[in-house]
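Here is a briefing on the structure shown below. Read it with the coordinates open.

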Amino acid sequence: MGIELQNITKKFTGYTALDNISLSVASGELLALLGPSGCGKTTLLRIIAGLELPDQGKIILENKDTTNLPPRKKNVGFVFQHYALFRRLTVFENIAFGLKVLPRKERPSRAEIRDRVEHLLKLVQMDWAQKRYPSQLSGGQRQRVALARALAVNPKVLLLDEPFSALDAKVRQELRRWLRKLHDEIHVTSIFVTHDQEEALELADRIVVVNKGKIEQQGTPQEVYDHPVNAFVYNFLGNVNVFHGRVKNGKVSLGPHHVDAPDELKHAEEKPSQAFVRPHEIGISRIRSSEADLTGTIREVRLMGGLIGLNLDCEGFEHTVDAEIPRELYINLELAKGDTVFVSLNRVKVFTGDYVI
Amino acid sequence: MGLFQTKRRNILPGFGLSMGYTVFYLSAIVIVPLSMIFFNTVPMGWEPFVHAVTAPRVLASYRLSFSTAFFAAVFDAAAGLLTAWVLVRYRFPGKQFLDALVDLPFALPTAVAGICFATLYSPMGWLGETLIKWNIEIINSATGIVVALVFIGFPFVVRTIQPVLEEVEQEIEEAAHCLGATRWQTFRKILLPHLFPALLTGSTLAFARGIGEYGSVIFIAGNLPMKTEIAPLMIMSKLDQFDYAGASAVALVLLLISFSMLLVLNAVQEWQQKEYR
């Protein structure tokens with residue numbers, strides 16, 4: 001087992017950052033800690049690295065209890081959101097730092113250090129920048145150097161704290177794919193923290209959704225996305241339309257309409273419910289295809305690249321409904337602002353419970 | 001028309017005006033008064049000039065002034081770094097008070113400081129009494145001059161390091177720790193190089209201040225010819241004897257040496273800074 005966290009609790013004055021969290025990460029796994037800001041995910045990462053001490057609980061790295069070890073003895077690679085490169089050292093010196101501070105007995109020779117740094121620089125595609133200083137590099141380049149620096153000491157575990165959030169969208173995407181490829185090559189057990197669900201879905205082997213210091217759900221991206229266990233997870237993983245209603249006699253009210261309740265709520269007593277539909281699961285048509293279709297008026301059309309976003313006023317609904325349709329469909333249907341269309345809600349997800357958006 | 005096109009537009013407006021203003025004020029406040037030293041010296045002729053500035057007593061005073069100022073600056077660098085470190089890194093009761101104390105040598109008339117030192121270190125003073133038993137003489141010695149100059153130069157170092165130390169991100173140190181560096185290695189290899197330019201600036205200021213310091217030193221130095229006479233005192237004693245030209249000559253050499261040393265230190269700093277920007 002790569003990382004084993006047992007009952008980690010951390011309280012700061014006034015609030016509980018982590019509430020009895022237990023989590024295992026398999027060797028060689030790339031795990032995403034996903035959650036809104038302030039949910040405790042960064043604190044958890046810092047506790048694994050030894051930069052914070054937990055109030056309770058144990059951290060076991062590769063079958064060794066490291067709970068009370070200082071960060072320098074943990075052999076953990078940490079990549080910071082804002083790179084944290086050493087400004088006064090060259091790229092080469094930055095990467096070599098972890099090797100040069102080893103005790104004399106363990107320290108590799110100069111030639112070995114050089115080889116290792118050069119190898120890492122190639123790995124992160126920065127071999128041209130050896131003699132540069134961090135200030136001469138772009139954000140994406142800096143983060144790659146930071147990654148090489150963290151990998152230089154052969155860490156048991158690689159921890160990345162929102163590694164791409166300070167970069168612009170295009171670079172972020174590029175680096176994301178590149179990191180996935182790199183991980184497939186080197187297979188170091190890694191945890192990365194993010195608040196960006198797309199990043200987590202695209203990059204991770206497994207996602208752990210965290211909220212208010214607790215784990216809400218964990219699973220593969222597919223599992224988490226397709227079978228969210230609660231409203232929070234569903235909502236956090238993408239854009240949503242919410243319809244507040246009630247469950248009653250195996251039916252869920254959805255504005256003036258009713259749909260069949262999901263199996264687990266078939267025999268539930270009457271209570272408030274929330275029905276969710278993702279914008280891209282909404283069908284738009286000029287022809288009514290079923291009884292359940294709603295009638296809507298297009299209030300707004302938004303160009304979103306490959307998709308077109310529509311904002312609709314639906315008959316009998318209090319709030320407007322957001323839909324996303326392929327650009328082709330939009331052109332074929334010759335839609336325009338003010339048009340009346342038929343709207344079908346697919347894959348409606350119903351939750352009951354306290355969580356309210 | 002080429003003549004007008006070559007004039008590049010600067011993004012910051014008003015370069016001409018502000019530069020003119022700077023040059024004017026530097027001239028009025030620094031260059032013109034100091035040039036008087038030069039013009040006072042010229043009429044005296046080359047040989048009397050050389051004679052005046054190479055007199056053994058004068059040479060001894062230069063040596064003393066520069067060496068004591070140097071040692072005081074080195075001491076200030078270490079002590080100032082430590083003080084700035086404590087003031088930035090820790091929170092403790094009375095921190096504000098301690099922070100305010102640092103500036104006191106700036107505000108205090110230096111003669112007052114001199115008298116305080118003289119009282120404290122005199123053979124009957126609180127500290128002097130004990131030190132004399134160990135055969136350490138502060139009064140009437142070069143050590144005493146260093147003690148006074150350390151006091152005078154201390155705030156320069158603290159106040160130049162403080163802001164730079166405050167800027168150091170916590171993450172930088174955390175990164176070093178995660179890479180296996182001990183606290184000492186982190187300080188030695190990451191923080192110190194980062195603080196070095198500020199440390200150099202601060203101790204240069206302390207050094208420059210030490211060379212020119214007069215008030216506090218004369219009370220503690222005893223002013224023994226060839227032994228504890230500092231260069232500014234040589235100038236004063238020449239003025240006392242109405243030897244204005246001689247005083248100017250000594251001052252001119254002091255000025256030239258100080259200026260060239262400051263110039264070199266500034267160049268070192270420039271060179272230090274250049275690469276990382």
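How far apart do the C-alpha centres of domain 1 of chain A and domain 2 of chain A lie? They lie 39 Å apart. The model is predicted: local features need pLDDT of at least 70, side-chain atom pairs count only at pLDDT 80 or more, and totals for chains, interfaces and linings use all residues. Residues are numbered from 1 along each chain as its sequence is written, chains are lettered from A and ligands numbered from 1 in the order in which they are written, and side-chain values use heavy atoms, with hydrogens and water left out.

**Chain A: overall**

- Chain A has nine helices and 20 strands. Helices (H or I, at least four residues) and strands (E, at least two) are DSSP runs, numbered from the N terminus.
- Its C-alpha atoms fill a box of roughly 80 × 45 × 35 Å along the principal axes.
- Of the 357 residues of chain A, 50% are buried. Buried means under 20% relative accessible area, exposed over 50%, and partly exposed in between, with a 1.4 Å probe and protein chains only.
- Chain A exposes about 17200 Å², and carbon and sulfur atoms supply 47% of that area. Accessible areas come from the Shrake-Rupley method with a 1.4 Å probe; for residues, only the protein chains shown count as cover.
- Chain A carries 48 positive and 45 negative charges, with mean positions 10 Å apart. Lys and Arg count as positive and Asp and Glu as negative; His and the chain ends are not counted. A charge is placed at NZ of Lys, CZ of Arg, CG of Asp or CD of Glu.
- Among contacts in chain A with a separation of 6 or more, 66% join residues 24 or more positions apart. Contact means heavy atoms within 4.5 Å.

**Chain A: domains**

- The domain assignment gives domain 1 (3-236) and domain 2 (241-352) of chain A. Such bounds come from an automatic or database domain assignment.
- Seven residues of domain 1 of chain A are in contact with eight residues of domain 2 of chain A.

**Chain B: overall and domains**

- Chain B has 14 helices and zero strands.
- The C-alpha atoms of chain B fill a box of roughly 75 × 60 × 30 Å along the principal axes.
- Chain B has 277 residues, and buried residues make up 42% of them.
- Chain B has 18 positive and 18 negative side chains. The centres of the two sets lie 5 Å apart.
- For contacts in chain B between residues at least 6 apart in sequence, 75% join residues at least 24 apart.
- Chain B is assigned domain 1 (11-44) and domain 2 (46-276). Their centres, taken over C-alpha atoms, are separated by 27 Å. The contact takes six residues from domain 1 of chain B and 10 residues from domain 2 of chain B.

**Nonpolar cores**

- The largest nonpolar core has 47 residues. A nonpolar core is a set of buried Ala, Val, Leu, Ile, Met, Phe, Trp, Tyr and Cys residues joined through side-chain atoms within 4.5 Å.
- Helix 4 (residues 139-151) of chain A gives the largest share of this core, six residues.
- The residues with the most contacts inside the core include Ile95(A), Leu147(A) and Leu158(A).
- Beyond four places in sequence, Leu147(A) is in contact with Val79(A), Leu158(A), Leu160(A), Trp178(A), Leu179(A) and Leu182(A).
- Another core, of 42 residues, lies apart from it; among its members are Ala72(B), Leu149(B), Phe207(B) and Ala249(B).

**Helix 2 of chain A**

- Helix 2 (residues 91-100) of chain A is mostly covered, with eight of its 10 residues buried.
- Those buried residues include Phe92(A), Asn94(A), Ile95(A) and Phe97(A).
- Their cover comes from both chains: it includes helix 3 (110-123) and helix 4 of chain A, together with helix 10 (170-178) and helix 11 (183-212) of chain B.

- Ser344(A) is in strand 19 (residues 340-345) of chain A. Ser344(A) counts as buried because its relative accessibility is 18%. Leaving out residues up to four places away in sequence, Ser344(A) touches Glu281(A), Ile282(A), Gly283(A) and Asp293(A).
- Ala118(B) sits in helix 7 (residues 110-121) of chain B. Ala118(B) counts as buried because its relative accessibility is 19%. With residues up to four places away in sequence not counted, Ala118(B) touches Ile139(B) and Phe219(B).
- The C-alpha atoms of Ala118(B) and Tyr90(B) are separated by 34 Å, and the two residues are 28 residues apart along the chain.
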